[in-house]
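This report concerns one structural model, which is shown first.

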Amino acid sequence: MSRNIICTGGSGRLGQFVSRRLAPKCNLTILDLNPPVDDDLQDIPFVKADICDLEQLRGAFKGQDAILHLAAIPNPRTAPADVTFQTNVQGAWSVLQAAEDAGVKRVVVASSDSVFGLSYNPPDWPPQFLPVDETHPVRPTEFYSLSKHVTETIAQSFAARGTIEVIVLRPVHVVFPPEYPELEERGSDPQNYHFWTFVAPEDVAQAFDLALDADYQGYEVFTISGANGLNVRPTLEMAAERWGTLPEVRNPKLYADNPLASVIDISKARERLGYEPQVTWQQMLGR
Ligand SMILES: NC(=O)c1ccc[n+]([C@@H]2O[C@H](COP(=O)([O-])OP(=O)(O)OC[C@H]3O[C@@H](n4cnc5c(N)ncnc54)[C@H](O)[C@@H]3O)[C@@H](O)[C@H]2O)c1
């Protein structure tokens, strides 16, 4: 029997890709403040609801098997700090609480690599080691990254109660078409504030899809990136230039085998989820 799944934020930039991928495989409902705009999403049932409204969510989540939680303010530039923190933190708590109340088995939560405190944070903070994986310390200093860190803590707390399984995905910067003209410049700039990372929305959708079926119980976190960075010069060369010194390289083989590999490690997602990025930035630019 086909599963019932709700995608919060399913009308958003990333949520559209997740919705497109999941709709043919399950009974998908989009829950968002705004209905989806694109024609191909018009047949997907839509629920207008605020993720901060627990009662609305409790009603919407009845009979659902899983929730994909993407609704949030997606960066520190879109809304004031208090609105962002309130939406992301209260929203995550309400989604998890309503899911638990409704007996939902699994929730997959969109966090962000910003929890590492590398992007949106002091530019002179190098990573403690490369590649940056799920064991790297989190140290957010601004409100968006902090809201995602708190979101993860909330998710972990719900999972620890034993009633709900939670997978947290930490995508790096997701690249959408309006940014295509800037990609090459970002890749050549040692000071690029996302340290050259990118991931295609199709690949983040792949990770959400795989997380729904991953064989595990409890709580897991996965970093999600493209296989390579945007950089055209070797990643370790760019990293040494950027931070004035090269952080400890814990997996030299990764960069020996592929000098352009991302600074974010996706080996856990590869091994545990079967994640394999399909879209390169060159393909995005039609090459
Ligand atoms: N875009 C990126 O580069 C990126 C990177 C890492 C993580 N993320 C995370 O992925 C998720 C989606 O990001 P996006 O880029 O698609 O953002 P987006 O702004 O395009 O989409 C967010 C969606 O959430 C909805 N929403 C906002 N507040 C809501 C509320 N109170 N109730 C119900 N719906 C609400 C919006 O209407 C929108 O459709 C976010 O959680 C974001 O933090 C994004």
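The paragraphs below treat a strand, a loop residue and the ligand shell.

The model is predicted: local features need pLDDT of at least 70, side-chain atom pairs count only at pLDDT 80 or more, and totals for chains, interfaces and linings use all residues. Residues are numbered from 1 along each chain as its sequence is written.

Buried denotes 20 or more other C-beta atoms within 10 Å of a residue's own, exposed 12 or fewer, and partly exposed a count in between, with C-beta atoms placed from the backbone. Strands (E, at least two residues) and helices (H or I, at least four) are DSSP runs numbered from the N terminus. On one side of E7, Glu165, Ile167, Leu169 and Pro171 are buried, as are Val166, Val168 and Arg170 on the other.

Asp38 lies in the loop between strands E2 (27-32) and E3 (46-48). Asp38 counts as exposed because it has 10 C-beta neighbours inside 10 Å. Its C-alpha atom is 8.5 Å from that of Gln16, 22 residues away along the chain.

The ligand is surrounded by 23 residues, the closest being Gly9, Gly12, Leu14, Ala72 and Pro74; a residue is near a molecule if its C-beta atom, placed from the backbone, lies within 6 Å of it. Helices H1 (13-22) and H3 (81-101) are the elements giving two or more residues to this shell, and H1 supplies the largest share, 3 residues.
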